[in-house]
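Please keep the sequence and the 3D view at hand while reading.

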Amino acid sequence: MDMFAKIAWVIPLLPLASFLILTALGRSYRTAGVWIGSIGSLGAFVMSLLVLLERLKPNPVDYSNGFDWITIGDYTLTIGYEVTNLTSLMLVIVTLVGFLVNVYSAGYMKEDERITVFYGYVSLFTFSMLGLVLSDNLLSFYLFWELVGVCSFLLIGFWYARPAAKAAAKKAFIVTRIGDAGLFLAILLLFWYMPEHALGFTMIESVFDNQGGTITEGITTLIALLIFLGAVGKSGQFPLHVWLPDAMEGPTPISALIHAATMVAAGVFLVARTFDIFEASEAAMQTVAYVGAFTAIFAATIALAQNDLKRVLAYSTVSQLGYMMLALGLGSLAGGIFHLFTHAFFKALLFLAAGSVIHAAHTQDVREMGGLGSRMKTTAWTFAIGALALSGIPPLSGFWSKDLILAVALEENLLLFAVALAAAFCTALYMTRLFVLVFLGKPKQAEERTAGAKESPAVMTIPLIVLAALAVAAGFVETPWNGWFGHWLTDGAGEAHGSAIAIVCSVAVGVLGVLAGWAIWGRERGAGEAAATLAGRAPGLVRLAERKYYIDEAYEAVFVRGLRGIGAVLEAFDRYVVGGAVKLAGLAANAAGRLALRLQNGQVQTYSLAAVLGIIVIVLAVIGRRMLS
Amino acid sequence: MPGETLFEPLRWSDIGIMAPELVLGAWFVLLVVLDLLLPGRASRRSWIGGLTLAGLLGAGVLVLLRMIDMNGSEPAEVISLLGDSYRIDDFGSLLKLFVLAGTAVVVLLGLGTAERDSAITDKGEYFYLLLPAAMGAMMMASSGNLITLYIGLELLSITSYVLAGLRRKSLLSAEATFKYVITGGVSSAFILFGMSYLYGVTGSVQLDAIREALPAAVASYEAFVYVGFGCMLAGFAVKIAAAPFHAWSLDVYQGAPTPVAAFLAVVSKGAALAMVLRILFSTVLFAGVGGSVIGTALKDDILFAVLLVAAISMLLGTLAALRQKNVKRLLALSGVANAGYLLVPIGAGVTMTHSNNVTELIFYLVAYLLMTLGAFAVLTVVGRSVGHDELKGFAGMYYRAPWTAAAMTALVLSLAGLPVSAGFFGKLFILLGAANGKYYWIVAVMVLSSVISYYFYFGLVRQMFMRSGDGMLSERERLSVSEYESLDESGSARGRTQAESVIGELAAGVEDGGPGGQPDPAYGAGTAAADLEGRPDGTVRVPVPTGIVIWACAILTLALGIFPQPLVAVIDSVFSILTDFVPMDR
């Protein structure tokens, strides 16, 4: 029956094995990394696919298994894994994108000195992400959550010789830590309030499912908001989105794997996994929806004015994650996860295609590109498919998932529906801009550099083609007249949200966005002029978007400087008061140590004397204790 | 009934029951004879090490088989021989496995070092003397009677004296042995003296009989009972190197070959600790049974004294280690502090709310075995590579031998008691146990000493990762070391040189005849590692047996740090305080 679900625990162990082997091998075997990393992730993918296929049969039963980790007194901490429809879907997404990125990196990272280390990190990341997906309780989930954070840190800073990469890695780690602290507090609260301190997802579901249970409304809202804070950090939602664009300093395959398809989606996954807590609190749901919607439009406008190819895609990721949150906040689990599913493929595709471009053109600035379409046919076509999918042009996958979210928003909240439509329009606009600037027109300056640009090798283009196929096809699992996906994911609770208005609006803004983009950038075929035109029409707005609404500057001014100020005061206190006390304790310990060593003078007579003195002390203490009691 | 069966002699069928010990004894005799009769240089005797290992493993298999057999029935049976003076129970069997495993690891360490240590003249003895030592420890584990206990203890002690002095060409080793013999002899005398008082007031040397007679005895001869237990405790405290009776251990570990130091730190200490547990838990713990007020007071006082010794050990051990620059002496002090941790579950006693002290003790003993033997194993390779045992030798280890440095980091993590290591859970279980028994002051001492200990444990890590250099001593330092023998800031030389002046004269002839007429570097640095073939050049070479030890210890330490439950479950399922400590006619 559940044969594959029973051995699902093997899936994360395969990439872990790859990681261990690669670490043991060291840097000397350059091709080993490619093979071992790819085989590990391929094995994990095949097994995940089998688990998923097994669950496609009618009425699959959730399977969970585990063992008692430690027993302390009455409290037993269990550790285990759980296979549900949601987790099996995530398994396939993670392992599929992971495998394709492994293959792709064989070409992209070929020249790199530390390619084996790179593959080791990627395998470690895949392991952590799969562990996170399979965790059956919040505590082990949190452990893996931190572990993926560490892997992300290592991979963003992979080229640590570049100061920007180092700074970006640090920023990513610190900013997400703020969210992690929220999640940790949520776990502590849950531990405190849950019956028998249970932290298992199944227990959480059953406790929060029946409203008015043991946990009060206020605490529920608090827990939900703290969990959401964790998700905001990890999934780059406003206001903790600032790390994600900077994270583009990492190698491009990493941007595709971690910062587009998998890890950043972990926040969405977390909310989906603890969805019952959110459903129990109206306020929390509202917060999720509004933060998501705001992030979606906010990041989309920034993406319009960025000139770095990867940064545009990064802001686009932030924006699309906002969409997913919006769907979850509106109560549509299926909508959020469906968009996560389609987005994983087309955004990974876009990043990998962008990597292919960067690989060929040796620049990330779109203003320096142009005319690459004729030289890199596969890349251009696959990028176009990804861009259209992202823009929500039917019948590509992005259209269906975006349409579902829009239909839900139309039913629930007209304001959010309008915001989502506007964000969809911006999305189509900036993707068109990107495509036109990169692939069409004449090659721009630095002729001799882009002149040598040619199509990337097959190891890089084949993953693109596979992902492009998925970007086309993945959407058909859920259409307005076929609610199969939602039905499957939520055990029959979900239904198809067919809405003619939503479809019309969705198609209209998508097409309008593309046309408008073509009108602005396509005619002139010159980025400089186009930017100038746009800037000429609305200079202030463009500048605002270009500078990312000055969020980083504001953080610098308010938090970094402010914290530094507080830090200076605290430091003074620390140095003179705490430091003094510590120093005193240290000196005391040191002095005691000296005294203890004095005993160690090599003479047996002294040793005996110490023993006798010790006996006297012990006897006196025993007598003293007896007299007292 | 003990009284009736007291003089029932051993039957032939009992040989099967005592087989593990007898195998070790017979194997020992065989190896002695082989070593004497077979030709060849006495310095090439690795095969004896191999055979010793085989003997230990064989005995281990026998113990294991017996244990499985005994746990077949429910409740687990206890076999007792000679009127319960020799008893096979689960506590004893677990301990025997501990002793055999520890000794086997020490043999592996010896295989990695003895061959190259020119100060050891008889390589054969080095290995096969471990057999009677292990046998003594096993006898202690199986004793239900003070006499058997004492004989086992002496068998272990006397062989240990010889083992500690095996580096016959080294002055430091001779001095260490001398001190060890004196201190060990005094402690044995104390134990015997205490036992005689106990026999005097209870009229028996059987632990069972003592337990039964104790409430009456304490009512009429309270002071004698106190003297008896007090002297025994003091004597055992010397054996387990608990402060303030620990001072010998630093000198002895430094002078003894490193693997022997590891044996003393782990096997001797573990066996003696287990004895303290067995004696106290079979006698004093029940002194108050039947509502005897004086008996209850006796129990409280003795257990309190044990906790006091534990507290002093933890604090003194960690504080003294803060300024210690020699790694062997550092490990000795770490052993002192760990003896303190290990005494806590004994001193906490068994109450209704807290009854799994033995599990806590054995779990931490296993953790202690892994981390201490692993650390000593690393020390043998590092010491050999740089020619001394100073902390400086670890400088830049990460760059010279990254894998060994990584393993050492795992072991140090465990010694410091940080998570994902066996030491963490070992300390946590003991801590929670003590808190459960409401001994909050000892919990505070444990936490405090753990925090202090981070300083010097991380000093080791800092040396390995953040200091560059090959760990060699400069010429000037070498001179100063040769003058003072040790870098102790307190100037331990003063006392040491006195001893030298006596023995030094005698040893001088031997010393001058060091390899190649050169001044023996061992004399200077005073380490086991120094007088090895060739000049040390800072390159770390890990012999295969040592490598096995390092990695087995490091991996098991981490494995227990991630999954402590299986071991806890095994100990819990096997051991029961009622069947193992209070058997027979209860």
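The text below treats the chains, the contact between them, the nonpolar cores and some local details.

## Confidence and overall make-up

The model is predicted. For the complex, the predictor gives an ipTM of 0.79 and a pTM of 0.72. In chain A the mean pLDDT is 81, and 89% of the residues reach 70 or more. Chain B averages a pLDDT of 81 as well, and 83% of its residues score at least 70.

Among the elements of chain A, the lowest mean pLDDT, 53, belongs to helix 24 (residues 527-537) of chain A, and the highest, 90, to helix 12 (residues 266-273) of chain A. In chain B, pLDDT stays under 50 over residues 479-534. For that stretch of chain B the model has 93 contacts beyond four places in sequence.

Chain A contains 27 helices and two strands, while chain B contains 26 helices and two strands. Of the 629 residues in chain A, 53% are buried; of the 586 residues in chain B, 61% are buried. Contacts between residues at least 6 apart in sequence can be sorted by separation: in chain A, 79% of them join residues 24 or more positions apart, and in chain B, 80% join residues at least 24 apart.

## Where the chains meet

How many residues of chain B are in contact with chain A? The contact involves 33 residues of chain B and 31 residues of chain A. On the chain B side, the elements that give two or more residues are helix 9 (171-202), helix 12 (247-255), helix 14 (293-322) and helix 22 (493-512) of chain B. Helix 14 of chain B provides the largest share of this side, ten residues. By class, the side of chain B that touches chain A has 20 nonpolar, five polar and eight charged residues.

## A pair of helices in chain A

Two packed helices are described by the angle between their axes and the distance between the axes. The axes of helix 2 (residues 10-25) of chain A and helix 3 (residues 30-55) of chain A come within 8 Å and cross at roughly 175 degrees. Helix 2 of chain A is therefore roughly antiparallel to helix 3 of chain A. The residues that helix 2 of chain A brings to this contact include Val10(A), Leu14(A), Ile21(A) and Leu25(A), and those from helix 3 of chain A include Gly33(A), Gly37(A), Gly40(A) and Met47(A). The residues of the contact between helix 2 and helix 3 of chain A divide into twelve nonpolar, seven polar and no charged.

## Nonpolar cores

The largest nonpolar core has 214 residues, and those with the most contacts inside it are Ala134(B) and Leu411(B). Helix 16 (residues 357-386) of chain B gives the most to this core, with 21 residues. Beyond its neighbours within four places in sequence, Leu411(B) is in contact with Met371(B), Gly374(B), Ala375(B), Val378(B), Cys553(B), Ala554(B) and Thr557(B). A second, separate core of 207 residues includes Phe338(A), Leu340(A), Ala348(A) and Ala471(A).

## Local details

Val23(B) lies in helix 3 (residues 19-37) of chain B. Is Val23(B) buried or exposed? Val23(B) counts as buried because it has 20 C-beta neighbours inside 10 Å. Leaving aside neighbours within four places in sequence, Val23(B) is in contact with Gly55(B), Gly58(B), Ala59(B) and Leu62(B). Gly55(B) is 32 residues from Val23(B) along the chain, yet their C-alpha atoms are separated by 7.3 Å.

| Cis peptide bond | Omega |
|---|---|
| Phe238(A) to Pro239(A) | near 5 degrees |
| Ala243(B) to Pro244(B) | about 0 degrees |

Pro239(A) is placed in the loop between helix 9 (217-234) and helix 10 (243-246) of chain A. Pro244(B) is placed in the loop between helix 11 (222-239) and helix 12 of chain B.

Ala241(B) is also found in the loop between helix 11 and helix 12 of chain B. Ala241(B) has a phi near 55 degrees, a positive value in a residue other than glycine. With 28 other C-beta atoms within 10 Å, Ala241(B) is buried. Val420(B), which is not a glycine either, has a positive phi of about 60 degrees. Val420(B) lies in the loop between helix 18 (402-416) and helix 19 (422-436) of chain B. Val420(B) counts as partly exposed, with 14 C-beta neighbours inside 10 Å.

Note on methods:
Residues are numbered from 1 along each chain as its sequence is written. Chains are lettered from A and ligands numbered from 1 in the order in which they are written. This is a predicted model: local features need pLDDT of at least 70, side-chain atom pairs count only at pLDDT 80 or more; totals for chains, interfaces and linings use all residues. Two residues are in contact if their C-beta atoms, placed from the backbone, lie within 7 Å. Helices (H or I, at least four residues) and strands (E, at least two) are DSSP runs, numbered from the N terminus. Ala, Val, Leu, Ile, Met, Phe, Trp, Tyr, Cys and Pro count as nonpolar, Asp, Glu, Lys and Arg as charged, and the others, Gly among them, as polar. pLDDT is the predictor's confidence in each residue, from 0 to 100. Axes are lines fitted to C-alpha atoms, for helices over the stretch in contact, and angles run from 0 to 180 degrees between N-to-C directions. Angles under 35 degrees count as roughly parallel, over 145 as roughly antiparallel, 65 to 115 as roughly perpendicular and the rest as oblique. A nonpolar core is a set of buried Ala, Val, Leu, Ile, Met, Phe, Trp, Tyr and Cys residues joined through C-beta atoms within 7 Å. A residue is buried if 20 or more other C-beta atoms lie within 10 Å of its own, exposed if 12 or fewer, and partly exposed in between; C-beta atoms are placed from the backbone.
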